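Thanks, everyone. I have one structure to walk through today. Please bring it up on your screens.

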Amino acid sequence: MNFKKRDLARRYALTEGRHCVYGVMHGYYIHVRYTPVGNPRCLVTVVTDVSEKQKKLEKYLEASKQKLNIANFGVVKIGLMVCPKFTREVFARAEDIIGKIAAFLAKEGFAGADVCPYCGQPLEGKGILATESDIPFAVHEACFARALAGARRKDAEKAALPDKKALGALGGVLGALFGGAVCVLTYAWWGFGALGAAVGALFSYYLYRKFGGKSTAFAVAFCGAASLLFSLAALAFGVYMDGRAAGGFAQALSSAFAGGKGTAVLCADLACTLLLAGGGTAYNAASCRRERRTAADGMRRLEG
Ligand SMILES: [Zn+2]
């Protein structure tokens, strides 16, 4: 029987969210987020005032990667995050990891749930429950207000950066062109070029942002359209090359659609091209939504 999210919540009187479980465990605010198709799939956070002890904590986590069975970790001012290695028993693993980390933190004198991680001072029962990066923990009201104002200021600075649409579009076209080239090559090798449509959509959006364009609905749509265009052009080019001997493009097209196995493969290639360009664009849209969420969006006052 799997040890589920609900089991972990019950055992430690934690709160269950849609994809997460959080609360105080072994004296520390913890948060376990699990999304089967997420990246990372599972993220375990332990909140503590790290302050000057960051190096020590990083050293411990680096040295304990094997023992904790974690793939990755990060340490920030108000705590640490670890990604457990792939496992089916996510919540049993999380319980084990948190137990070990909390024991280390307690032994080394890291502040627990009764101390505000923003200022390192005791809460003395006067804290409020608030979130940062959607992770709930107790803080001083004034400290939270200060942190929120700081996050808003940084978000505003980021929002004020120019959106270099023209350069971004150039990057997007280059990425889509690369996808088109992949279509042509794979069509020449395997007689099937659809894969390039996905490559084009993803690479196009990647370069769009690398070239200074911002994550916007326009960017997603532009890159989707560009990659689709180049993929279809590549497919048409492949058909033309196949039928070149027969004469012009019209002859090539009519022989390609004359029926039989070749036509079926071509129709499948066309359908897959549309599907993969759409899939890549859907993936880009999801990244865009994630990136547009600001730091302040993840900071909410829950209660207190
Ligand atoms: Zn404080």
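**The open sheet and what packs on it**

Start with the sheet: six strands, open, antiparallel pairing, in the order S1-S2-S3-S4-S6-S5. At the edges stand strand S1 (15–16) and strand S5 (70–76); each has a single partner strand, so one side of each is left without a neighbour in the sheet. Keep in mind that this is a predicted model.

Now S3 and S4. Strand S3, residues 28–34, pairs with S4 in the antiparallel sense, over six bridges. To find your place, take Arg 33: it stands opposite Leu 43 in S4.

Next, the helices. Helix H4, residues 90–107, packs on the sheet. H4 touches S2, S3, S4, S5 and strand S6 (79–84). The direction of H4 makes about 25 degrees with that of S4. Helix H1, residues 5–12, lies across S1, strand S2 (20–25) and S3. H1 runs at about 20 degrees to S2.

Two serines deserve a look. Which phi does Ser 51 have, positive or negative? Positive, about 40 degrees, although Ser 51 is not a glycine. Ser 51 lies in the loop between strand S4 (42–47) and helix H2 (54–63). Ser 51 counts as partly exposed because it has 13 C-beta neighbours inside 10 Å.

Then Ser 133. Again not a glycine, and its phi is positive, about 50 degrees. Look for Ser 133 in the loop between strand S7 (128–132) and strand S8 (135–139). Ser 133 has 17 C-beta neighbours inside 10 Å, so it counts as partly exposed.

Last, zoom out. The domain assignment gives domain 1 (5–158) and domain 2 (165–292). The C-alpha centres of domain 1 and domain 2 lie 42 Å apart.

Terms used: Residues numbered from 1 in each chain as written. Predicted model: local features only at pLDDT ≥ 70, side-chain atom pairs only at ≥ 80, totals over all residues. Helix = DSSP H or I, 4+ residues; strand = E, 2+ residues; numbered from the N terminus. Buried ≥ 20, exposed ≤ 12 C-beta atoms within 10 Å, placed from the backbone. Domains from an automatic or database assignment. Pairing = 2+ DSSP bridges. Contact = placed C-beta atoms within 7 Å. Axes fitted to C-alpha atoms, helices over the stretch in contact; angles between N-to-C directions.
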